[in-house]
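Biologist: I have a structure open and would like to learn how to read it. Could you walk me through it, one feature at a time?

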2 protein chains.
Amino acid sequence: IKFIADVSLSYVKNHEHGTDPKPKFTEKYFPQILDHFNYNSMGNGTFDQRYLITDEYWKRGYGPIFFYTGNEGDIWEFALNSGFITELAAQQRALVIFAEHRYYGKSLPFGEDSFNIPEVGLLTVEQALADYAIMITELKGQLGASACPVIVFGGSYGGMLSVYMRLRYPNIVAGALAASAPILSTAGMGEPKQFFQDVTSDFENYAPECGDAVRGAFQRLQDLARVEAFSLCQTPSSDKDTRQLNGFLRNAFTLMAMLDYPYSTHFMGNMPANPVKVACDTMLGGDDLLQALRDTAGIVYNSTGDLTCFDLYTLYVECADPTGCGLGFNSLAWDYQACTEIEMCFESNNVTDMFPVMPFTVKSREQYCSKRWGVIPRLGWLKTQFWGDALSTASNIIFSNGDLDPWANGGSLSSSLIAINISEGAHHLDLRGANDADPASVIKARKMESDTIAQWVKMERYG
Amino acid sequence: IKFIADVSLSYVKNHEHGTDPKPKFTEKYFPQILDHFNYNSMGNGTFDQRYLITDEYWKRGYGPIFFYTGNEGDIWEFALNSGFITELAAQQRALVIFAEHRYYGKSLPFGEDSFNIPEVGLLTVEQALADYAIMITELKGQLGASACPVIVFGGSYGGMLSVYMRLRYPNIVAGALAASAPILSTAGMGEPKQFFQDVTSDFENYAPECGDAVRGAFQRLQDLARVEAFSLCQTPSSDKDTRQLNGFLRNAFTLMAMLDYPYSTHFMGNMPANPVKVACDTMLGGDDLLQALRDTAGIVYNSTGDLTCFDLYTLYVECADPTGCGLGFNSLAWDYQACTEIEMCFESNNVTDMFPVMPFTVKSREQYCSKRWGVIPRLGWLKTQFWGDALSTASNIIFSNGDLDPWANGGSLSSSLIAINISEGAHHLDLRGANDADPASVIKARKMESDTIAQWVKMERYG
């Protein structure tokens, strides 16, 4: 879970292809309580939490509220890449709100000091959920919407938050659509090898020899002398540099697997249509495996062709999430969350996956987090706090997952809730707006989601 | 909700009458996380949380776990006055644990500094619930009890915590018995006048003229000159003293109504059998109303007859809970909770009740709390956080209430959960052990509770 850069935003807003139709959101700020769980901390005040709102589809005072529980990034990024929600709002005459997660985008509780210790300590899942509960309750009052059922939406970590909102605040939230939400793997209930195995499968399913080519390229890369062919701005000169290079490259494949949409997108950077296909064609198209690997990385890191060399340490930052944390403030915040509540000890081992051996154990996470943030992760906390797979008392949650998404196996669950599987679907494809290139599976999934949500709204209203 | 004193404890432990049969509890301490909701606070460590445990009834590794969610006091006090739980454990072969609430009894996170600012800030309902969730999870592992369903029990605020545990952690808790838990009134969903009206009713139901006598006595007391007859250690000389005297006296009636058990008890101090009857007989028995009022107060404050005068400011401390906070450390902790999450703006008005006019508004609470603890209460927080009366998705909770209990009207709710009403029952009478003087209603209630809990355990085990 990660973002390449914040800088792509202006591009996203103005670009025409692959971005969902732009709804007329108004950007606002909500005076939010800094610390919901301590009345005597430094957090005895408020901060400005950003949210986007549009009432252009709303049947005022009656239609439901569709509330996106923002995740690890600038809220515009999600609003502009979740067209399904506004399309659904138009059908069901809903008010739409996209709320920004504290410590991301412009919702920095302590401005530029937000990532100092101890200021960063108010960044927890529980605080974020309480933010949304308070914001929904107060906005309903202000907008004359007290009779309007609330449905929450989220993708990825935002989908986890949607699930948690329904578990934690069913008094406030009538139902949740959680797209590609890895609630199990992030609660320590997964297999460390699963993630990169699934990334590998995506490429091997396109062409078995694609995996071989990637393996072969990484193998040759072990000889540091060969690195010269790699267009790096600085020649690697240490084990650390080698690890950084490997992480940088693995990350490119991770992103292409997650974002393997059937049309070009500008979500988390620029991505061509069907990037896995493009990558494999690149890997298999040339004579020199190392040049092919470099060009494949370029699909992700040099989509504009402007870079003349790769600067390993600015294009990719290693962090407590082995799938990457992106860059900028958002990456700091996500790193902190990966160091505290959210467990992501995923490893590549070169046996069940095509990547170099890159261990990331509970112990190495602990060492890193202790040094970087002065915290010791608490294993099992998320499972205790948000139920793990013991969801028998939960209701009104749709878990959707895409077959192409390496996060999909992190969120499977019991049949007592609604699980929608989207064959040919990448990371929360269903949240995106309709597109001519959509596979039939996602069209069907959106129809099921739409019908289910309409039903929840009706139930909430008439019992 | 309150306790008169910690000092009665040694007495309770050794006394023979009116205390439930003493189970063989072992006193232990659990290394508990100081701050569950901030990884970078002063709370980055542990404290010793006390709990009592007995496995004398337990079918090891199989029988259920009965877990008392300790409330605002020394945990021994609850363990020794909740004999029903151990009686039920003997029937159902359960392991019994009584856990002490943080900041009460010996579970002081920062020792004698616990009530300094900001150390007191870690005293919240959420922290207490997380304590219990972590403790249950870890003890189950240590005791080879991972297959054992957990049922939580609690009376009064402890009953609120039991409800919240089932709402919040159904992954950990299979069901809850909440006895006399005022979940609505403490969430700001009650009527300010209800509480003292119900106290008054208890006395008037015994004898209508009893209420008149109390009213008359308070009326005469307004003339400060008459106070001499009152056996006070210091003569009141200010409005503050008068208010203190009124609060001191009103508090005696509150306690007798709450603890109107059919046999003498030593819970929250010493109480004769049927104290409301004793009080009314006293009020109506003499010629001088003021002497009668003094003697009635003496039932509560001078049960041993040792006091030669009443010291108003040591026998009763005014606080953010208008029904009293008791004395000692426990009273500090409860005052803080009443200043933050738990709303108890109950007033007497001398119209719907028999007491002097003693307003206690949202505003006066705010002023007091801001001055005393540097906090501003957040109205509606408990309702947002723990669902108020929107309990349609909740399950496996028994709400029991006694007709004689002024707290009873604070906890009524929807029919989707099990509500047991105990006519002739005072404050969580059902949690006490069997007694020859028990009314038929409580015997029947305990049978229902027992059957229901056995059913929950079975369901949890076999689905």
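Biologist: Let's take the interface. How much area do chain B and chain A bury between them?

Modeller: Keep in mind that this is a predicted model. Buried area is the accessible surface that two parts lose on being put together. Here chain B and chain A bury about 3,500 Å² between them, and 54% of that is on carbon and sulfur atoms. Chain B brings 44 residues to the contact, and chain A brings 44 residues.

Biologist: Which residues supply the area that chain B buries against chain A?

Modeller: Look up Tyr39(B), Asn40(B) and Arg378(B). Together they supply 25% of the area that chain B buries against chain A, more than any other three residues.

Biologist: Which helices of chain B supply residues to the side that touches chain A?

Modeller: Helix H4 (125-142), helix H5 (157-168) and helix H14 (381-386) of chain B each supply at least two residues of that side. H4(B) gives the most, with 6 residues. By residue type, the side of chain B that touches chain A divides into 22 nonpolar, 15 polar and 7 charged residues.

Biologist: Where is His36(B), and is His36(B) buried or exposed?

Modeller: His36(B) sits in the loop between strand E1 (26-33) and E2 of chain B. With a relative accessible area of 1%, against a cut-off of under 20%, His36(B) is buried. Leaving aside neighbours within four places in sequence, the contacts of His36(B) include Arg378(A) and Trp381(A) from chain A, and Arg102(B), Gln127(B), Ala130(B) and Ile134(B) from chain B.

Biologist: Are Glu100(B) and Arg50(B) buried or exposed?

Modeller: Glu100(B) is buried, at 0% relative accessibility. Arg50(B) is buried too, at 2%. In chain A, salt bridges that share partners join Glu27(A), Arg50(A), Asp74(A) and Glu100(A) into one network.

Biologist: Which pair could I set beside that one?

Modeller: Take Arg215(A) and Glu204(A), whose side chains meet in a salt bridge at 3.6 Å, N to O. Arg215(A) is in helix H7 (residues 208-221) and Glu204(A) in helix H6 (residues 194-206) of chain A, 11 residues apart. Arg215(A) is partly exposed, with a relative accessible area of 24%. Glu204(A) is partly exposed as well, at 26%.

Biologist: What about the nonpolar core: how many residues has the largest one?

Modeller: It has 303 residues, and those with the most contacts inside it are Tyr164(A), Phe203(A), Phe253(A), Tyr164(B), Phe203(B) and Phe253(B). Zoom in on Phe253(B): leaving out residues up to four places away in sequence, the residues it touches include Val199(B), Phe203(B), Phe218(B), Met283(B) and Phe355(B).

Biologist: Finally, where can I see an exposed residue?

Modeller: Go to Ser392(B), in the loop between H14 and strand E7 (397-402) of chain B. Its relative accessibility is 66%, so Ser392(B) counts as exposed. The C-alpha atoms of Ser392(B) and Leu417(B) are separated by 8.4 Å, with the two residues 25 apart along the chain.

How values were computed. Residues are numbered from 1 along each chain as its sequence is written. Chains are lettered from A and ligands numbered from 1 in the order in which they are written. This is a predicted model: local features need pLDDT of at least 70, side-chain atom pairs count only at pLDDT 80 or more; totals for chains, interfaces and linings use all residues. Side-chain values use heavy atoms; hydrogens and water are left out. A nonpolar core is a set of buried Ala, Val, Leu, Ile, Met, Phe, Trp, Tyr and Cys residues joined through side-chain atoms within 4.5 Å. Buried means under 20% relative accessible area, exposed over 50%, partly exposed in between (1.4 Å probe, protein chains only). Contact means heavy atoms within 4.5 Å. Buried area is the accessible area (1.4 Å probe) that two parts lose on being put together, summed over both. Helices (H or I, at least four residues) and strands (E, at least two) are DSSP runs, numbered from the N terminus. Ala, Val, Leu, Ile, Met, Phe, Trp, Tyr, Cys and Pro count as nonpolar, Asp, Glu, Lys and Arg as charged, and the others, Gly among them, as polar. A salt bridge is a side-chain nitrogen of Lys or Arg within 4 Å of a carboxyl oxygen of Asp or Glu.
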